[in-house]
Amino acid sequence: MTVLSIQDLSKGFGGLQAIQKVSLEIEAGERRAIIGPNGAGKTTLFNLISGFLFPSSGEIHLFGRDVTKLRPHQRSALGIARTFQLTNLFQKLTLFENILLGVQATRGARYSFYRPVKSYGEIIRETEHLLKSWDLWEKWDVPLKNLSYGEQRQVEVVMALATKPRLLLLDEPAAGLAPAETTLLVSIIKSLPREITTILIEHDMDVAFEIAEKITVLHFGNVLAEGSLEEIKGNPKVTEIYLG
Amino acid sequence: MKAAQIFKGKFVLLLLLAVPFLALPSFVSNYYVGLVIQILITAIFAMSLDILVGYTGLPSMGHAAYFGVAAYATGFLYFAGFNNFWVVFVVGLGVGGFTAALFGLLAIRARGPYFMLITLALSQVLWGIAFKWRSVTKGDDGLPGIKRPEIGMGVDLIPDPHFYYFTCAIFLIVFFALYILVHSPFGYALRGIRESESRMKSLGYNVWLYKYIAFIFAGAFAGMSGVLWVYYSGFVNPSNLGIDLSVRGLLMLILGGAGTMFGPAIGAAIIVLLENIVSGLTERWSLILGIIYVVVIMLFSEGITSIVKKVSRD
Amino acid sequence: MTFWIIQILNGLSFSMFLFLVAAGFTLIFGLMKIINIAHGSFYLLSAYIGLTILRATGNFLLATIIASVAAVVVGMAMQSLFLRRLHMKELQQVLLTFGFVLIIADVCLWIWGGNSFALPKPASLKGSVWVGNMVFPVYRLFVIVVGIIIGVGLWIFQEKTKFGAIIRAGVDDEEMLRGAGINVQLVFSGVFGLGALLAGIGGMIGGPFVGVFPGVDLTILLLALVVVIIGGIGSLKGAFVGSLFVGLIDNFGKALFPEISLFTLFAPMAIILAIKPTGIFGRIEE
């Protein structure tokens with residue numbers, strides 16, 4: 001089924017048209033990468049999809065529903081999660097508390113104010129489980145700001161997964177990572193279950209080609225090309241915008 | 001888990017502190033007992049403000065509004081013949097929460113300095129209304145002569161030591177309630193909002209709603225302190241809605257440490273003691289306090305509790 | 001009919017006075033995001049100092065100059081010695097200005113005592129004119145004229161001068177100023193001084209009919225807050241329109257419902273907040 005459908009989406013800021021009549025369809029289970037040079041509009045597109053920006057025109061459908069007018073938290077409730085290009089975590093809270101907020105986000109208990117969170121065994125166990133399965137358990141009580149940059153980029157992904165999304169948006173997850181860390185992150189993303197459709201923005205083409213099966217190329221807010229790995233690699237227009 | 005040990009540690013600390021608190025009236029004069037009553041009531045006010053400032057990251061500037069409307073409600077109810085503490089207490093917290101519900105609708109959409117401006121303006125208008133509406137509020141003269149309330153069970157609150165123990169009990173209940181609130185899923189969500197609203201939104205939290213509910217809670221708890229204050233001092237007047245009350249509250253959080261359980265109470269103790277000492281020494285106490293405020297703000301960005309935390313961690 | 005004209009003129013004169021105070025407040029907030037709680041204190045200080053000079057020399061102009069300069073000196077000292085060091089800490093900045101409110105208010109109480117004074121009007125502006133079959137004070141007309149002149153002057157300054165353009169740009173986006181290599185600290189001090197100056201002039205102009213007494217600082221602050229919220233934050237046009245609105249409504253409110261006149265201000269303020277939180281002419285921040 002079509003997980004994400006974008007029709008004729010446009011977004012302008014003052015005189016600048018960041019996104020121009022972009023149309024896109026993503027099917028369930030896909031691994032899609034959106035690439036393009038700086039300023040192509042990739043992060044703007046993510047912001048539009050996740051609801052942090054509203055389009056000037058066009059429509060966005062998530063899981064068959066028209067979400068064009070919905071606010072970010074309403075879209076998240078439908079099953080979409082994202083990571084941020086600039087690490088966006090709860091710096092003064094511990095690692096455990098960070099993931100906890102992700103885990104409780106999808107539960108009714110998140111409004112509970114008369115019981116300590118420790119009394120919600122299921123939430124605590126699930127947070128513990130997530131941290132253990134990502135090999136982060138030893139640092140559970142470390143304030144997030146004391147974790148290394150690479151660890152924080154990992155936490156970005158874990159946090160998004162904590163909400164059990166059906167669609168995952170990864171905004172330059174490997175940004176600023178050393179080669180070894182990048183390899184680790186890539187293998188983690190590749191091992192994600194197929195129930196989670198994944199869209200990836202990447203600046204690093206190697207990472208994008210490693211993870212994705214289908215590529216969409218953006219240039220100046222337009223879709224320049226779309227296709228499989230081979231098609232894109234062999235497309236002269238694509239090579240041109242990166243070199244020219 | 002370590003958390004249980006920390007909770008036990010704080011609990012033990014509380015028990016140790018309890019001894020001098022319980023013994024206090026036997027050792028010192030009514031003046032000092034009154035001082036501690038003031039500190040406890042002010043601490044409740046500061047803790048209510050901390051929900052917004054320290055935990056949610058909302059710099060609320062007009063917090064006296066909720067304290068003051070509950071104070072006036074207490075006064076009006078008294079002169080209408082209602083002297084039962086429990087009834088008035090519930091009305092006070094209801095009125096405080098309701099005012100916060102109204103103001104919150106207008107203020108929460110704004111961010112940062114705009115939010116501060118709006119909350120300040122709204123509470124200042126209330127202050128102005130209390131000042132001018134002489135036929136109802138008696139303006140600047142206020143409503144004096146409010147006696148201690150009945151709490152039933154044959155207990156008489158007129159002697160200060162009795163009111164003191166009563167206030168201690170209420171303080172402990174409020175402290176405990178806030179402890180639960182702050183450590184509940186809701187409380188953690190507030191902290192998340194303080195750290196990053198966009199992250200919380202992308203996780204699926206309705207950030208506006210959380211802020212709004214926090215605002216109402218803060219208003220209700222502030223209302224509680226307003227009721228207690230009027231019964232202690234016997235008097236309501238426009239200064240209960242005044243900007244200096246709101247600012248004092250914020251200063252307490254800066255001094256004691258915002259976003260901590262004991263910080264607001266520590267800050268309240270420091271400010272109340274300071275004001276009492278200085279006003280006893282000189283007629284120019286307002287000038288001295290102003291200078292002290294300026295110095296404190298220039299020196300303390302974080303607050304004592306977080307400085308202590310930093311030192312103990314290193 | 002004449003009654004209404006008198007009321008309108010009354011309201012207008014109060015509006016023009018409010019504009020002097022609100023304009024400075026809105027510029028300081030718009031550019032630096034500082035809520036200057038001490039803004040009413042500039043009025044207080046200026047009016048008291050002006051009163052003393054007036055009593056000594058009888059020269060209104062001299063008193064205005066000296067009093068306004070005093071306000072500017074205090075204001076710029078507050079900004080450059082203290083507020084500047086708390087850059088980006090908006091909460092602490094506001095609290096700091098409150099510290100100064102206490103200091104200035106108590107010093108004034110110490111020197112001038114707790115009584116209420118109305119500044120004497122300059123001799124040439126005493127007396128009244130006939131409006132229909134009623135009289136209206138010449139001084140109030142003078143206030144209207146002064147307000148309009150200063151309003152026009154400020155508008156020219158903001159729209160037609162380089163400094164004004166810098167301020168307009170800064171209100172929209174502070175980053176832009178830094179990027180353009182402009183000495184932001186100098187601009188901030190200058191605007192703060194300008195705001196203090198306007199409030200100081202307001203102290204002298206308003207002194208004769210608003211009066212000066214302990215507590216007037218907070219009363220003036222409240223009005224400035226309402227004006228800025230209704231008229232729009234960071235906008236001179238907004239300060240002007242907001243002042244007109246508040247001045248007229250306040251005047252009519254006082255004439256018709258003296259005790260609850262503040263409600264007549266509160267309602268429009270709440271409505272504006274509900275519909276457009278940044279005020280009528282305020283800029284929307286993304």
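**Entry 1: a glycine in chain C**

I looked up Gly190(C) and found it in helix 8 of chain C, which runs over residues 184–210. I kept in mind that the model is predicted. Is Gly190(C) buried, exposed or partly exposed? I counted 17 other C-beta atoms within 10 Å of Gly190(C). A residue needs 20 or more to count as buried and 12 or fewer to count as exposed, so Gly190(C) is partly exposed.

**Entry 2: chain A as a whole**

I listed the secondary structure of chain A and got nine helices and ten strands. The C-alpha trace of chain A spans about 55 × 40 × 35 Å along its principal axes. I then checked the radius of gyration: chain A has 18 Å, and a compact globule of 244 residues would have a value near 18 Å, so the two agree. Of the 244 residues in chain A, 41% are buried. For contacts in chain A with a separation of 6 or more, I noted that 65% are between residues 24 or more positions apart.

**Entry 3: domains of chain A**

Six residues of domain 1 of chain A and eight residues of domain 2 of chain A take part in the contact. On the domain 1 side I sorted the residues by class and got four nonpolar, one polar and one charged.

**Entry 4: a sheet in chain A**

I traced an open sheet of four strands in chain A, with the order 2-1-4-5 and antiparallel pairing. Which strands stand at the edges? They are strand 2 (16–27) and strand 5 (65–66) of chain A; each has a single partner strand, so one side of each has no neighbour in the sheet. Strand 1 (residues 2–13) and strand 4 (residues 57–62) of chain A are joined by five bridges in the antiparallel sense. For Ser10(A), I looked up the bridge partner in strand 4 of chain A, and it is Ser57(A). Helix 1 (residues 42–50) of chain A packs on this sheet and touches strand 1, strand 2 and strand 4. I noted an angle of about 65° between the direction of helix 1 and that of strand 2 of chain A.

For chain B I listed 14 helices and two strands. The globule rule gives 20 Å for 314 residues and chain B has a radius of gyration of 19 Å, so I wrote chain B down as being as compact as a globular protein of that length. Its C-alpha atoms fill a box of roughly 55 × 45 × 45 Å. I counted 55% of the 314 residues of chain B as buried.

I then turned to the contact with chain C, where 36 residues of chain B meet 39 residues of chain C. Which helix of chain B gives the largest share of the side that touches chain C? Helix 5 of chain B does, with 13 residues. Helices that each supply at least two residues include helix 5 (112–132) and helix 11 (243–256) of chain B. By class, I recorded 25 nonpolar, seven polar and four charged residues on the chain B side.

Notes:
Residues numbered from 1 in each chain as written. Chains lettered and ligands numbered in written order. Predicted model: local features only at pLDDT ≥ 70, side-chain atom pairs only at ≥ 80, totals over all residues. Contact = placed C-beta atoms within 7 Å. Nonpolar A, V, L, I, M, F, W, Y, C, P; charged D, E, K, R; others polar. Pairing = 2+ DSSP bridges. Axes fitted to C-alpha atoms, helices over the stretch in contact; angles between N-to-C directions. Rg over C-alpha atoms; globule rule 2.2 N^0.38 Å.
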